[in-house]
Amino acid sequence: MKHSSILYIALALLPSSAIAQNEVEGARVNSYSIVHDGSMLSVDLDLDLSSLTASRNRAVLLSPRLVNGADSIELPSVAVYGRRRYFHYMRNGQSMLAASNGDDYMLREKPERKAYHQLYPYEKWMNGATLWLSRELYGCCNTLLDGQEAEIGKYRAFEPELIYLLPSPDKSPRHIEGTAYIDFPVNKTAIYPDYHSNAEELARIRATIDSVRTDADITITGVWLKGYASPESPYAHNTELAKGRTDALKTFIQNLYALGDSVISMDYEPENWQGLREYVENSSLEHKEGILALIDSNLSPDAKEAKIKTAYPEEYQYLLANCYPHLRKTDYRVSYVVRPFTDVEEIRRVFTEEPSKLSLNELYTLAQELEPGSEEFTNVFETAARMYPSSAEANLNAANAAIRRGDMETARHYLPRAGESAEADYTRGVAAVTDGDYERAIPLLESAMEKGIGKADYCLDYIRTAGRHRSAGEQEREKCSEYELQTTRKEKK
């Protein structure tokens, strides 16, 4: 397969030069870069043309070519014309060389250096291909007079081995949490199911418990209740109310589900000052700062409440009507365990129907049966990271799955939560190499090597060889572009 076009440059006669590995007669490659970027392969050369010669009636074609066994592509050529051939081209508008290769652009004078950049659709055979530069000398009637070819280097794709971590077994119970606002008549601790909105609040608690109690895969291990009272009234009385009302809810639940004292535990907080503080802080009350200062003071609870009431009577009445009812609440948490799933097909079914039942280990087991890089493979690891956001292993595995499919933005989302393990250093280093940030990659990979991750050596070797070409190529291309810019400015002057 071949594809080419020509860049035309007119030149005067110049002396010839010796041929080396990275040069053909009159042209040398100072540096090169071959980068797989998405669906395209980017080839960049910094061509030194200072010694290139061509007689008045001749033309030189410099053609980069990628070869790997029987597969090859010829990239667009740089065509350098002698003076007479150049004007012949100008008068006739087209030469045989141009007709066969196309016409990208022309420069009136040959530059000392030329930045070459081309994109070509990436194909798998290109990994490991050798980059060659051929020189073809043409005479009159486009007769081929001479040909040379020099090896420039190899393209080596960055294909690191990614490390997925088996999560540590987690036998701790899972939780469902919620908050109920059970309304009690003044100074009462008994629950009246039909009082105000109690029916709705009690139904919310029942729905939470029922969501796990009726599932054959789940066993409830505990129900925890914590009741709060609001700050009005003496602190001692609020203590009795908070404790009594929480105990009343415990009894209500026990009567519904026949749960023993060993399953239901309770706690209480006499006055919900934290809830009051959050409400005031997010309010637009005129004296918000003064009220917050009193809440944060070292005064006793009763003294705080009395001071707010006397210092800011209007705001106090507003809080009493709009905030205090919501401070009287009960937080609850239902703890449960899910039976283990060991059969892969069953794990796959549960993942499709109710992924929240699966542990990190079970999700990892499922992923091992899937094609790495597939959509389902990635989905399993990302689901694990969403379900267990504090798990370093889950975030590391999700980052690796994203790197494998080339989604670096998603990988960068998970990496900060991937922990500080040797594997995390390695994966962050791999991501940095993929991003082309070798300065950041090297210390991470060296750290991983010191911690026993031998695979990091491959990445460091890539930076030392193929990766460095990219960095050097970018630098040389910038220098060459700056040279061309300065030349253009001089010509305009």
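Biologist: How much of the chain counts as buried?
Modeller: In this predicted model, 47% of the 493 residues do.

Biologist: And what does the secondary structure come to?
Modeller: The chain has 17 helices and 15 strands.

Biologist: What share of the contacts between residues at least 6 apart in sequence join residues at least 24 apart?
Modeller: That's 68% of them.

Biologist: OK, helices now. How do helix 3 and helix 4 pack?
Modeller: Helix 3 covers residues 198-213 and helix 4 covers residues 235-257. Their axes sit 12 Å apart, at an angle of about 45 degrees, so helix 3 is oblique to helix 4.

Biologist: Is that crossing left-handed or right-handed?
Modeller: Helix 3 and helix 4 cross in a right-handed way.

Biologist: Which residues make the contact?
Modeller: From helix 3 you get Leu202, Ile205, Arg206, Ile209, Asp210 and Arg213. Helix 4 brings Leu249, Phe252, Ile253, Leu256 and Tyr257.

Biologist: Switching to cores. Which residues have the most contacts inside the largest nonpolar one?
Modeller: Ile253, Tyr426, Val433 and Leu445, in a core of 73 residues.

Biologist: What does Val433 touch?
Modeller: Leaving out residues up to four places away in sequence, Val433 touches Phe158, Tyr438, Ala441, Leu445, Tyr462 and Ile463. Leu445 is on the most-contacts list too.

Biologist: How many residues are in the second core?
Modeller: That separate core has 31 residues, including Leu45, Ile73, Leu75 and Trp125.

How values were computed: Residues numbered from 1 in each chain as written. Predicted model: local features only at pLDDT ≥ 70, side-chain atom pairs only at ≥ 80, totals over all residues. Heavy atoms only, no water. Axes fitted to C-alpha atoms, helices over the stretch in contact; angles between N-to-C directions. Helix = DSSP H or I, 4+ residues; strand = E, 2+ residues; numbered from the N terminus. Parallel < 35°, antiparallel > 145°, perpendicular 65-115°, else oblique. Left-handed = near helix turned anticlockwise from the far one by under 90°. Contact = heavy atoms within 4.5 Å. Core = buried A, V, L, I, M, F, W, Y, C linked by side-chain atoms within 4.5 Å. Buried < 20%, exposed > 50% of the residue type's maximum accessible area, 1.4 Å probe, protein only.
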